[in-house]
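Subject: Structure handover

Hello,

Here is the structure we spoke about, with its sequence. Please look it over first; my notes follow below.

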Amino acid sequence: MALSLEELEAAIIEKATKSPKPQLYIKDFYKCDPDAKPRQIKNVANDLVKKGELMFWSSGSTTMYARPDRIKDEEGSEGIN
Amino acid sequence: MAKHETPLLDELEKGPWPSFVTDLKQQAETKPECWDILGQLELSYKDRITHWKHGGIVGVFGYGGGIVGRYSDVPKQFPGVEHFHTVRIAQPSGLYYSTENLRALMDLWEKYGSGVTNMHGSTGDMVFLGTRTENLEPLFWDLTHDLKQDLGGSGSNLRTPSCCLGESRCEWACYDAQEVCNHLTQHYQDEIHRPAFPYKFKFKFSACANDCVAAVARSDFSVIGTWKDNIRIDQAAVKAYVDGADGYPSNGGAHKGGNWGAFDIQAEVIDLCPTQCMWMEGDELKIDDAECTRCMHCINVMPRALRPGAQQGASILIGAKAPILDGAQFSTLVIPFIEVKKENDFEDIIDVIEKVWDWWMEVGKNRERVGETMQRIGLPTFLSVMEIEPLPQHVKEPRSNPYVFWKEEEVPGGWDRDIKEFRKRHAM
Amino acid sequence: MGYDPKNPMEGRITDLGPRYYGDMLPPVIKENKGTWLYHEIIEPGVLVHVAENGAKVFTVRCGSPRLVTVNYVRDICDIADKHCDGHVRFTTRNNIEFMVDAEEKVAELKATIATYGNKFPIGGTGACVTNIVHTQGWIHCHTPATDASGPVKAVMDDLFEYFGSMSLPAQVRIALACCLNMCGAVHASDIAILGIHRTPPMIDNERISGVCELPLAIASCPLGAVKPAKATVNGEEIKTVKVNAERCMFCGNCYTMCPAMPLADPEGDGIAILVGGKVSNAKSAPKFSKLVVPFLPNTTPRWPETVKVVREILEAYAKDAKKYERVGEWAERIGWEKFFEKTGIPFTEKSIDDYRLAYDTWRTTTQFKYTSHTAAYTK
C-alpha cells in the first residue's frame, strides 16, 4: 500500500534526520515506500529541497541529499541549497 | 591583486600554438583576479600538484546540478581565487552561436566571474571557470531573465545532451541530430537540473557512423545515424573519381597534402571495404547492400559519388563510460534501427530512454553507470527488461562458455525433484 | 530589476534549457539545412559544402586553446561580425569555425584572421593532427595527476606542422585527461595522454571525521583496499580507514568520495601514453586505446618527455602506415610487437594486463613476429 504524499514526505525527512550519515543517496529513500516508483520518490525528494527541508550536497561527482542543519560546510557556503 | 612572477608559465608563451598564458595575462589587465589564477597555476607548476579543493556546492537554489564547487587551498596567497566555482551553461545544439548571444554571455561572465571560460567542456556545455558563491544567484538571475538561457547538468543528473552538427552542414546526417538533441534537452529539464539517478547519465547524438561526438565511447545512451536501404550511387561521379577529374579528390580532399599518387578505387575503396561487398563492372561500381554494414568508409572516400540510403534513422547503443572503475566500455547495440521523427515528438526514443531509466533507477547501485549495471546483471536480462527479442546483432560472437543461467520453466518437469525417488534408481 | 537576495524566489525563472539552435544558425546554413550534397576540403582548414540547389558554404576552421578568456571570445565575435553576419560555431574538438556564403569572401576572412597573429591558427581538417581535446588539470580540478592546458600547448607547439597540413595517412586524434576519471574520455583516441597517480592515498586522521562519510569511502574502492580502522587523535580514539597499499590501483576514487584521503604527489604523479583507439565505425569497429608508455614524469613547464614520445609515435606511424589507416589499424596490421620496434618505445611488463579480464589480451597463438625483443631467443 503506497503512502500518501504527506506520509512519504514525513518518512523521507525522518530518514534524512535519523540516518547515521547525514548525506543520503536517492536510493536510500526508496525504502521509505517500497511500493512507490523510484521516479516518484525522486520527485518528492526534489520538492523537499525546494521547500528547504532537504539540500543537495555534492561529493564531487555524485549528488546526494541531506538535512541542511546536519551539514557543517567548512567553506561557509551555506545559503546555496 | 598584485601581479605575480610566473617564470615557468612564461615558457608556455613560446611556440606557434595559441597560448592560454598570454591570453590570461592580457585578461588580467581588466580582470585582476586572473593574476591570482596565473599565480596559483605557477605554484602548481613549481610544486607539480594541484592547489584546488572541492566544496559541496552543486547548483543554485532548487537545482542539484550546473555548478561545481571549487576552493583554493592557498587562499591567503591568492585571494582572487579563494572561491573558484565552475558554472556550466547549456549549449545550443550543434554549437552554433550568434555573436549577439556570445557577447551577452561574455558580458555576464565579465560581470560575475573571472572572465575565464572553456569553449566548450568535455560534455558539451559552455564552461565558466571561477566565481564566488555570492555571485551564483545574481548570475543565474541575469542568465535566465536577460539571456533566456539556463545551466547545464552535473552530478547524478542527466548531463547536458550533445550532438554533432547533423543536417545543418553535413551531407551524411541520417537524422536531425540538433532537433532531437534540443527537444530531449527541453523535455528532460527536470532530470538535468535535479538529481534523479544512481549516477550520471549522458545522451549523445551522432547523425552518422563516423560519430563526431564520440557517442559510442562517451554516452550512456548513444544514438548513431544509419539507413536501411541501399547506398545511393551516382555512377558518373564514380567515373569522375576514377578519372581523377577536377573537384573529385579522394576522401573529400582530406589527403591533399600527402604523396599518395593517383586515386585507385580498387585499393582505396573496394579492398578496404570491411565486408568486401563492392566490385567494379566496367565503369560502374556495384554494391551488394545486403552484405553492407554501413561503416561509411566508401562514402567518406567518395562523397560526391556515394550517399547514405534514403530510408534513414538511427541505431541505439547503450552503456558507454570511461574506465573508472572496472575498465572502459563502449555502448552496446540494443536497437538496430529506429526512425527519428519529429512528427511524434520523438516518442519512440523517449519510450526507450524511460524503459532504461525505470530499470536502472530500480536496480542500479549507487555510483554505478548503466553500462556497469548491464554488465553486472547481464545483457539477456537487460534485453528482456527492454522487451527486445535477442538478436545475433546484439553480440560480436556467441559466448564460448556453456554457463547458461537456465530458468526453471525452461526445463521440462522443472527443478523440483525427489532425491529418494532418484536413489531408488541410482545407488550411491 | 535584478536579483533580490531578500526575496530569492520572487520572479524566479527555472528550467529554460539552452537557447534554441535554430536561432543561432547563419542564414546560408538555415536555408540549406538537410539538403547538403557533398563537401570538399579546399586546402588545410578550409571546407566547402555544396547544397542540392548549388548553394555553397565556405568554412574556415581555426584552433583554440579551449581555455580562453572573454577577451578572446570577443575577438572571435569581432571576426564573425565583420565577415560572417554575426555567426560562428565551435567544433566538438574546440576548434572555431567561421562560415561565409561565397568563395570570394574566404580570402578576406583569412586576412582578418591573420591580423590576430597566432591566436587563430587555420587547420584541423582531413589527414592532420587536429586540436587536442582535454580536461582542466591544475587550472581548475581537485583530482588531477597532471596539468592539461600546459602539456597540450607543448604538444601542439611541437606538432604544429601537422595541424595546418594534411600529409598523414589518416586523421590523428590526440586527447588528454588529467586523471583516470577521464572527463576528456581519452579511452578511444589515436594517442591518449593520461594523468596517473602512483602513490596510495594518505589518511588525514585529524580531518577525516569532519569531512568524510567512512562507509562511502570504504565502498568507493573497486578492489576493497580501503578498510575500517581506529586511530588516536589528541588522545581520543576515532573511527577512520586504512589502505592496503599493495592492492591500490591508484584510481583516486576514494579521494573523490573523501577529501581526507589525498593521493596526489609531485614524484608519484605523471603521464601514461595510450595508443590506437578510435571512435568512428569507418572500416574497423571503434577501438580502445592501449597502454604503451606506463609513466612519464610531470616535467614542468613543457613536459619534454611526453612531447618526445608523442612525436616518435606520430612519425613512426606517418612513415609506415597506409593511406586511410588509423594508428590502431596500423598497429594491428603490423602487430603490436612491431609497433614497439618501429616507435622505439621500450616494452615493459606494465603493458601486460593484470587487471580483470586480462586474459583476453594475452597471446594464445604461435603467430607472432620476431623483433628485437625476441633476439635473446634467436641469436
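Which strands does helix H9 of chain C lie across? Helix H9 (residues 304-320) lies across E7, E8, strand E11 (270-275) and E12 of chain C, and runs at about 10 degrees to E11(C). Helices (H or I, at least four residues) and strands (E, at least two) are DSSP runs, numbered from the N terminus. Axes are lines fitted to C-alpha atoms, for helices over the stretch in contact, and angles run from 0 to 180 degrees between N-to-C directions. Contact means heavy atoms within 4.5 Å.

Some ground rules. This is a predicted model, in which local features need pLDDT of at least 70 and side-chain atom pairs count only at pLDDT 80 or more, while totals for chains, interfaces and linings use all residues. Residues are numbered from 1 along each chain as its sequence is written, chains are lettered from A and ligands numbered from 1 in the order in which they are written, and side-chain values use heavy atoms, without hydrogens and water.

The sheet in chain C

The four strands form an open sheet in the order E7-E8-E11-E12 (chain C), with mixed pairing. Strands E7 (174-177) and E12 (290-297) of chain C are at the edges with a single partner strand each, so one side of each has no neighbour in the sheet. On average, neighbouring strands of this sheet are turned by 20 degrees against each other, direction ignored. Two strands pair if DSSP finds at least two bridges between them. E7(C) pairs with strand E8 (residues 191-196) of chain C in the parallel sense, over four bridges. In that pair, Ile174(C) stands opposite Ile191(C).

Chain C against chain B

The contact takes 127 residues from chain C and 130 residues from chain B. About 11,500 Å² is buried between the two chains, 59% of it from carbon and sulfur atoms; buried area is the accessible area (1.4 Å probe) that two parts lose on being put together, summed over both. Trp138(C), His140(C) and Tyr324(C) supply 7% of the area that chain C buries against chain B, more than any other three residues.

There are 12 salt bridges between chain C and chain B (a side-chain nitrogen of Lys or Arg within 4 Å of a carboxyl oxygen of Asp or Glu). One of them joins the side chains of Arg12(C) and Glu137(B), at 3.0 Å, N to O.

Strands also meet here: E5 (residues 96-98) of chain B and E5 (residues 87-90) of chain C run antiparallel, joined by three bridges. Ser98(B) has His87(C) as its bridge partner.

Regards
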